[in-house]
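Please read them with the structure open.

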Amino acid sequence: MHCYKIQVLLSMSKCVLYVVMVTDGVALFEQFLVTELSEENLQFWQACNCYGNNAVGNGSLVAEARAIFKQFLVQGAPQQVNIDYLTLAEVSRNLEQADGNLLTKAQRSVYNLMSGDSYKRFVQSESFQQALQRANNAMI
């Protein structure tokens, strides 16, 4: 059982962006998402966040975009995320000319879904509340 710092948890309770940008936040949020069968949203967001960081030339960027598309976006993907048809069509249409912004709209869509849905349940969840209580007790 991991004991989180109270400052980290309090920040996590205010903003999903803080959760996904802090290692402890990602771990706790992902554990929660597994229970909701929606961890693919966080994993897609992270893949998009890393997209292009290691690309060497446009060919490498296209290959990376294809891999993310195949893993998360194509119909029947192993970890298919739910994005609107127009965004999916735009990514699909531009896949072979991938640039650093190809997945931005899709990433934003999934972020908004997590922010408006999963995150609200996460901060109310028993696991988050228990972590908060443990952190509080550790300060006493």
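1. Basis. This is a predicted model, in which local features need pLDDT of at least 70 and side-chain atom pairs count only at pLDDT 80 or more, while totals for chains, interfaces and linings use all residues. Numbering starts from 1 along each chain as its sequence is written, and side-chain values use heavy atoms, with hydrogens and water left out.

2. Confidence. The pLDDT (the predictor's confidence in each residue, from 0 to 100) averages 85 over the protein chain, and 85% of the residues score at least 70. Among the elements, the lowest mean, 64, belongs to helix 1 (residues 6-12), and the highest, 97, to helix 6 (residues 85-94).

3. Overall make-up. The protein chain has eight helices and zero strands, which gives the pattern α-α-α-α-α-α-α-α along the sequence. Helices (H or I, at least four residues) and strands (E, at least two) are DSSP runs, numbered from the N terminus.

4. Of the 140 residues in the protein chain, 39% count as buried; buried means under 20% relative accessible area, exposed over 50%, and partly exposed in between (1.4 Å probe, protein chains only). The protein chain exposes about 8,000 Å², of which carbon and sulfur atoms supply 53%; these areas come from the Shrake-Rupley method with a 1.4 Å probe, and for residues only the protein chains shown count as cover. Among contacts (heavy atoms within 4.5 Å) between residues at least 6 apart in sequence, 61% join residues at least 24 apart.

5. Helix 3. This helix (23-35) has 13 residues and reaches 19 Å from its first C-alpha to its last, close to the 18 Å expected at 1.5 Å a residue. The expected span is 1.5 Å times one less than the number of residues. Its buried residues are G25, V26, L28, F29, F32 and L33.

6. L37. This residue lies in the loop between helix 3 and helix 4. L37 has a positive phi of about 60 degrees although it is not a glycine. For background, most residues other than glycine have a negative phi. L37 counts as exposed because its relative accessibility is 70%.

7. Helix 4. The twelve residues of helix 4 (residues 39-50) should span 16 Å at 1.5 Å a residue, and the end C-alpha atoms are 17 Å apart, which agrees. E40, N41, L42, F44, W45, A47 and C48 are its buried residues.

8. Helix 4 against helix 7. How do these two helices pack? Helix 4 and helix 7 (residues 104-124) meet at an angle of about 145 degrees, with their axes 9 Å apart. Axes are lines fitted to C-alpha atoms, for helices over the stretch in contact, and angles run from 0 to 180 degrees between N-to-C directions. On the helix 4 side the contact is made by N41, L42, F44, W45, C48 and N49, and on the helix 7 side by A106, Q107, V110, Y111, L113 and M114.

9. Q107. Is Q107 buried or exposed? Q107 counts as buried because its relative accessibility is 14%. This helix 7 residue touches F44, W45, C48 and N49, not counting residues up to four places away in sequence.

10. R121. Also in helix 7, R121 is partly exposed, with a relative accessible area of 36%. R121 and E36 are 85 residues apart in sequence and 9.8 Å apart in space, C-alpha to C-alpha. Leaving aside neighbours within four places in sequence, R121 is in contact with F32 and E36.

11. L88. Located in helix 6, L88 counts as partly exposed at 24% relative accessibility. Apart from neighbours within four places in sequence, L88 is in contact with F69, L73 and I83. L88 and L103 are 15 residues apart in sequence, and their C-alpha atoms are 9.5 Å apart.

12. D99. The loop between helix 6 and helix 7 holds D99, which counts as partly exposed at 40% relative accessibility. Its contacts, leaving aside neighbours within four places in sequence, are with Y51 and L61. D99 and Y51 are 48 residues apart along the chain, and their C-alpha atoms are separated by 9.8 Å.
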